[in-house]
Every structure is written in C-alpha cells, then in structure tokens.
Amino acid sequence: MQAVRTINRALSSALTLVGLVGTFVLLSVAPARAGENVFVEVTPNSVQAGSRVSIKASCDNDNNNRQSSVHSDAFGSVTLRPDKGFLTAQATVPRDKPADQYPVDLRCENGQTSSTTLTVLNMASPSKGPATGGGGMAGGRGTGSLLVFGGVALVATAIVLGMAGGRRRPGAGS
C-alpha cells in the first residue's frame, strides 16, 4: 500500500512540473505579428550566364497587391508584379556576366527590404563526343542475345529433366 502512495506522489509531482514548464514556455514566447512576411527568392539560385531566372517575393501580405522592384548586378533592376498573392518577375542574366555570387535586393514600396544571393556560373560549353560513327561496323549478335538464348535453353533443359525425373517406373514401389 505504501508503494502505491509513493508512485502516486511521484506521478503528481511529475505532472505538476510538466504543467509549470509548459506554462512558462507558452508565456515566454513572443506572439507572432501578422504581416511580417517579407522575402525574395530566385529560382534556380545557381545559373549559367545567359540563363533566365524566376523571381518570387513578398512585401508583407498587405502589400503584395502593389508593384515593387528587385535589383542585382547579375541582371539589373526588374519590376515585380502582383501574381496570386505574391510578387513575381523573370530576368535574364547576360551571357558575358562573370561567374560570381550576386546579391538580389528587394525594395518594397512600404520601405521593407529583403535579400538573397544568385550564383552565376560561366562554364565553357561542353564539347561534343568523338566522331566514332553510327555503329554500322558492329557485326553479329551481341553478348545480350547470347545470354537470352542461353537462359531460355537452361530453363527448357531444367523443365525436361524435371518432368523425366518425376515419372514413376512401372512395378517399382507398390
């Protein structure tokens, strides 16, 4: 009986402690203020010079119905237009843009700002493979055909041997 009381006290103490910690956590968290949703993103965020990027931004939910602008040394200034609750645009990175990381800065009409980074790559175009012909010189069946025919022959042999071994000989057994 004493053990049951001890367990009840321990459970009661543990639940009280959990309740106090939960209350402290809930009271210490600052409430989220509605409308603080300012961001800019560039897709893809790494591109070859000469490629086109899509820009998606938000100037706070209440201000996404007004035009805003984005500027980057990678592509210059672009006007963002409202589109399904966000601000969107597309921009082209010039072919001669040096490879580097370029900041993309959003400036909203309400004075808020945000920034992200666009990485411009300037890799040489891949060369074509060697001119080895169209394969017309290859003759006969390849290894794949031999493997298929060999597999079929092996399965057929196993079936025939299985059927022959499974037959009973007359007079041997009963």
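Predicted model: local features only at pLDDT ≥ 70, side-chain atom pairs only at ≥ 80, totals over all residues.
User: Let's start with β1 and β3: how many bridges join them, and do they run parallel or antiparallel?

Analyst: The general idea first: strands of a sheet pair through backbone hydrogen bonds, either parallel or antiparallel. Here β1 and β3 run antiparallel, joined by 6 bridges. Two strands count as paired if DSSP finds at least two bridges between them. The strands themselves are DSSP runs (E, at least two residues), numbered from the N terminus. Residues are numbered from 1 along each chain as its sequence is written, and side-chain values use heavy atoms, with hydrogens and water left out.

User: Okay, and in what order do the 8 strands form the sheet?

Analyst: Read across, the order is β1-β3-β6-β5-β4-β7-β8-β2, an open sheet with mixed pairing. Its edge strands are β1 (38–43) and β2 (46–48), each pairing on one side only. On average, neighbouring strands are turned by 25° against each other, direction ignored; the axes are lines fitted to C-alpha atoms, and angles run from 0 to 180 degrees between N-to-C directions.

User: What does β4 pair with, and in which sense?

Analyst: β4 (residues 68–72) is joined to β5 (residues 76–83) by 5 bridges, running antiparallel. The two form a hairpin with 3 residues between them, and His 71 stands opposite Ser 77 in β5. β4 also pairs with β7 in the antiparallel sense, over 4 bridges; there, Ser 69 has Arg 107 as its bridge partner.

User: Which residues of β4 are on the covered face, and which on the uncovered one?

Analyst: In a regular strand the side chains alternate between the two faces of the sheet. In β4, Ser 68, Val 70 and Ser 72 make up the covered face, while Ser 69 and His 71 sit on the uncovered one.

User: Which cysteines form a disulfide, and what parts does the pair tie together?

Analyst: A disulfide is a pair of cysteine sulfur atoms within 2.5 Å. The count comes to 1: Cys 59 and Cys 108, with their sulfur atoms 2.0 Å apart. Cys 59 lies in β3 (52–59) and Cys 108 in the loop between β7 (100–107) and β8 (113–121), so the pair ties together parts that are 49 residues apart in sequence. The S-S torsion is about -85°, so the disulfide is left-handed.

User: Are Cys 59 and Cys 108 buried or exposed?

Analyst: Cys 59 is buried, at 0% relative accessible area, and Cys 108 counts as buried at 5%. Buried means under 20% relative accessible area (1.4 Å probe, protein chains only), exposed over 50%, and partly exposed in between.
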